[in-house]
Amino acid sequence: MVANGIGNSIANGPDIFGTDDDPELVRDALPFGLKTMESLLQTVPRHRGLLLTACKGFTEYAAAFVQMEADRVESGDYARATEMRERALKLYLRARDYGLRGLALRNKGIGRQLELDPAAATARIPLRDVPMLYWTAAAWGSAISLGKDRAELLADLPAVRALIERGLVLDEAYDGGAIHEAMIILEALPPAMGGSPDRARAHFERAIALSKGARASPYVTMAQSVSVLTQNRGEFDRLLHQALAVDPDRDPTQRLATLVLQRRARMLLQREDDLFLDADTTKSEEHR
């Protein structure tokens with residue numbers, strides 16, 4: 001009873017991390033919070049709120065504080081960057097497993113069915129499970145993105161796509177268009193893997209509309225995926241400057257995410273010449 005009570009407080013209480021304006025403070029505090037959740041899940045393993053919060057927490061920690069740090073140090077310490085990406089991959093997979101456990105509470109055996117028949121498996125997921133669906137797919141897709149050289153992870157791509165497509169059917173407006181942002185990443189894959197830059201741009205426009213331009217994430221996602229894939233330097237530069245123009249205080253619930261993503265935007269701009277094959281450093285018309 002005590003564990004359930006604490007779990008409810010953690011899962012349903014105010015988001016003291018997302019509204020913070022100090023990324024370093026959150027980075028240092030999150031591991032303790034994540035391990036606390038794992039300890040509680042040992043006692044109440046079927047606590048839906050804790051499973052969702054653990055899935056989301058490990059995904060966000062890996063993306064914001066492990067994978068991004070790997071990208072930052074890569075040019076000066078490739079071995080360290082490789083080590084950190086391996087750690088991020090493991091954290092994403094841990095998050096995915098919590099998400100799958102959460103989905104299985106209302107959809108028994110869904111993990112196995114996602115391997116065998118993703119479309120049939122996701123068709124069973126109800127509207128109320130969209131948050132669990134989204135964060136499971138986000139963690140799983142992030143792991144695949146980091147592990148492109150691992151056949152066992154690439155084989156899971158149809159499951160991730162089926163989850164995201166089911167999310168669009170159930171609630172395309174979830175979390176200000178977050179599901180459309182996830183589709184941008186999927187559509188940035190090579191055509192042989194089902195990707196399409198044109199469809200990615202359509203999802204980007206929808207994500208901007210649903211978020212009312214108040215989030216930095218669609219701009220950064222589009223720039224680092226599609227703009228780099230298509231080698232569109234002008235678009236890359238324009239999108240990242242739009243991300244930097246977002247006011248972190250416009251949406252307090254997204255304050256931390258905005259600050260972290262703006263750091264990534266600055267880092268990507270610093271690495272721009274490494275990301276594009278042409279030697280032309282001309283910026284887009286808006287920022288010449």
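**Charged pairs, aromatic pairs and a buried threonine**

With a relative accessibility of 28%, Arg150 counts as partly exposed, because this class covers values between the 20% limit for buried and the 50% limit for exposed residues. The model described here is a predicted one. The side chain of Arg150 meets that of Glu86 in a salt bridge, with 2.5 Å from N to O. This pair links distant parts of the chain, since Glu86 belongs to helix α4 while Arg150 sits in the loop between α7 (130-146) and α8 (151-154), 64 residues apart. Glu86 is likewise partly exposed, as its relative accessible area is 29%. Elsewhere among the charged side chains, Asp71, Glu74, Arg85, Arg264 and Arg271 are joined into one network by salt bridges that share partners.

In total, the structure holds 23 salt bridges. Side chains of opposite charge can pair when their charged atoms come close. Another salt bridge is formed by Arg94 and Glu38, whose side chains meet at 3.1 Å, N to O. What is the accessibility class of Glu38? At 10% relative accessibility, Glu38 counts as buried, because that value is under the 20% limit.

The side chains of Arg80 and Glu83 come together at 3.2 Å, N to O, and both residues lie in helix α4, three residues apart, which is about one turn of the helix. Arg80 has a relative accessible area of 37%, so this residue is partly exposed.

A pair of aromatic rings is described by the distance of the centres and the angle of the planes. With ring centres required to lie within 6.5 Å, the count comes to six aromatic pairs. One of them is formed by Tyr61 and Phe65, with 6.0 Å from centre to centre and 45 degrees between the planes, a tilted arrangement. These two residues are four apart in helix α3 (residues 48-73), so about one helical turn separates them. Tyr61 and Phe65 are both buried.

Phe204 and Tyr219 make another pair: their ring centres are 5.9 Å apart and their planes stand at 70 degrees, so the pair is edge-to-face. Here the pairing links distant parts of the chain, from Phe204 in helix α11 (residues 197-211) to Tyr219 in helix α12 (residues 217-229), 15 residues apart. Phe204 and Tyr219 are both buried. Ring pairs also link Tyr134, Trp135 and Tyr174 into a cluster.

Which residues does Thr258 contact, leaving aside its neighbours within four places in sequence? Thr258 is in contact with Ala216, Val246 and Pro248.

Key
Residues are numbered from 1 along each chain as its sequence is written. This is a predicted model: local features need pLDDT of at least 70, side-chain atom pairs count only at pLDDT 80 or more; totals for chains, interfaces and linings use all residues. Side-chain values use heavy atoms; hydrogens and water are left out. Rings of Phe, Tyr and Trp (its six-membered ring) pair if their centres lie within 6.5 Å; planes under 30 degrees apart count as stacked, over 60 as edge-to-face and the rest as tilted. Buried means under 20% relative accessible area, exposed over 50%, partly exposed in between (1.4 Å probe, protein chains only). A salt bridge is a side-chain nitrogen of Lys or Arg within 4 Å of a carboxyl oxygen of Asp or Glu. Contact means heavy atoms within 4.5 Å.
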